[in-house]
Amino acid sequence: FNLQLWNNYFHLAVAFITQDSLQLENFSHAKYNKIQNKYGDMRRLIGFAIRDMWYKLGQNKICFIPGMVGPILEMTLIPEVELRKATIPIFFDMMLCEYQRTGEFKKFENEIILKLDHEVEGGRGDEQYMQLFESILTECAKQHQHSGICSLVECFVSLVKGLLERLLDYRAVMSDESKDNRMSCTVNLL
C-alpha cells in the first residue's frame, strides 16, 4: 500500500472536480447547456470515481482520517444533487472506520466542524446540502444500528446541522445593513 500515491490521487481528483472552470452553475444558461450537451458534467464522473476508490481502500481508510475530511467536504459541497448523494455517504464510512478503531470519531468530527466553517465562509453550502447531509447520514446510521454508532451519528448530525444553519444565517446577514441583525447572528453562531 502506497499511502502517498493514494493521497496524491484523492487530492488531484478533488482539485480537478472543484476547479472554477467546471462549476457549471456559475455559467449563463446557454453556456451551461452547450457544455452539458458536449461533455456532460465531468464533476459527477470524477466524484463517482473518488467514491469508488475510497471504498477500495479497505482497512487503509484510517490513514486518510482526518486528512481527507476537508477535501471530501469541499467535493460534497458542489451544488450538484447526484454528486452529493453519491459522496456524502463517504462521511459515514469515515465515522464508522474511526469508531471501529477507537470507539468514537472525534478526529473526524473536529476536522469537519473546522473545515465546514471555512467552506461556508467561502460561499459554499446551502439549505439543500444541509437537508441531504442530515437525511443521508441518518439513514446510514440506521442501517448500522447493531454497531452502537447510531446515537453518536444522530448527535453529530444534529450538531453539524445547527452549526450549518447558523453559518448560513451569518453569511446571509453579512450583506445586511442592520448592525443589530449582524450582531444577533454573530451571538447565535458563537
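Biologist: Over the ring of which residue does the charged end of Arg 51 sit?
Modeller: In this predicted model, the charged end of Arg 51 is 4.9 Å from the centre of the ring concerned, and the criterion requires a distance within 6 Å. Lys 31 likewise lies over a ring face, that of Phe 27, at 4.4 Å from the ring centre. For Arg 51, the ring is that of Phe 48.

Biologist: The rings of Phe 10 and Phe 64 form a pair; is it stacked or edge-to-face?
Modeller: The structure holds 14 aromatic pairs. For Phe 10 and Phe 64 the ring centres are 5.7 Å apart and the planes stand at 75°. Planes over 60 degrees apart meet the edge-to-face criterion, so the pair of Phe 10 and Phe 64 is edge-to-face.

Biologist: How many residues apart are Phe 10 and Phe 64?
Modeller: Phe 10 belongs to helix α1 (residues 3-18), whereas Phe 64 is in the loop between α3 (42-55) and α4 (69-76). Phe 10 is buried because its relative accessibility is 0%, and Phe 64 is buried because its value is 2%. The pair links distant parts of the chain, its members being 54 residues apart.

Biologist: At what angle do the ring planes of Phe 105 and Phe 156 stand?
Modeller: Phe 105 is in the loop between α6 (89-102) and α7 (106-121), and Phe 156 is in helix α9 (residues 150-173), 51 residues apart. Both Phe 105 and Phe 156 are buried. Their ring centres are 5.8 Å apart, and the pair is edge-to-face because the planes stand at 90°.

Biologist: Which parts of the chain does the salt bridge between Arg 43 and Glu 25 tie together?
Modeller: The closest N and O atoms of Arg 43 and Glu 25 are 2.9 Å apart. Arg 43, at 2% relative accessibility, counts as buried, while Glu 25, at 36%, is partly exposed. The two residues are 18 apart in sequence, so the bridge ties together helix α3 and the loop between α1 and α2.

Biologist: Lys 115 and Glu 111 meet in a salt bridge; in which helix do they lie?
Modeller: A search of the whole structure finds 10 salt bridges, including this one at 3.7 Å, N to O. Lys 115 is partly exposed, at 30% relative accessible area, whereas Glu 111 is buried, at 18%. The two residues are four apart, about one turn of the helix, and both lie in helix α7.

Biologist: Which residues do salt bridges that share partners join into one network?
Modeller: Arg 43 forms a salt bridge with Asp 41, with closest N and O atoms 2.9 Å apart, and another with Glu 25. Arg 43 and Asp 41 are buried. The network therefore comprises Glu 25, Asp 41 and Arg 43.

Biologist: What is the count of buried residues in helix α2?
Modeller: Helix α2 spans residues 29-39 and is hardly covered. Just after α2, Gly 40 takes a positive phi of about 75°. Among the 11 residues of α2, the count of buried residues is zero.

Biologist: Which residues make the nonpolar surface patch of about 270 Å²?
Modeller: Patch members need over 30% relative accessible area, and Met 42, in helix α3, is partly exposed at 31%. The patch is made by Phe 16, Tyr 39 and Met 42.

Terms used
Residues are numbered from 1 along each chain as its sequence is written. This is a predicted model: local features need pLDDT of at least 70, side-chain atom pairs count only at pLDDT 80 or more; totals for chains, interfaces and linings use all residues. Side-chain values use heavy atoms; hydrogens and water are left out. Rings of Phe, Tyr and Trp (its six-membered ring) pair if their centres lie within 6.5 Å; planes under 30 degrees apart count as stacked, over 60 as edge-to-face and the rest as tilted. Buried means under 20% relative accessible area, exposed over 50%, partly exposed in between (1.4 Å probe, protein chains only). A charge sits over a ring if NZ of Lys or CZ of Arg is within 6 Å of the ring centre and within 35 degrees of the ring normal. Patches are made of residues with over 30% relative accessible area and no salt bridge: like charges are joined within 9 Å, nonpolar side chains (Val, Leu, Ile, Met, Phe, Trp, Tyr) within 5 Å. Accessible areas come from the Shrake-Rupley method with a 1.4 Å probe; for residues, only the protein chains shown count as cover. A salt bridge is a side-chain nitrogen of Lys or Arg within 4 Å of a carboxyl oxygen of Asp or Glu.
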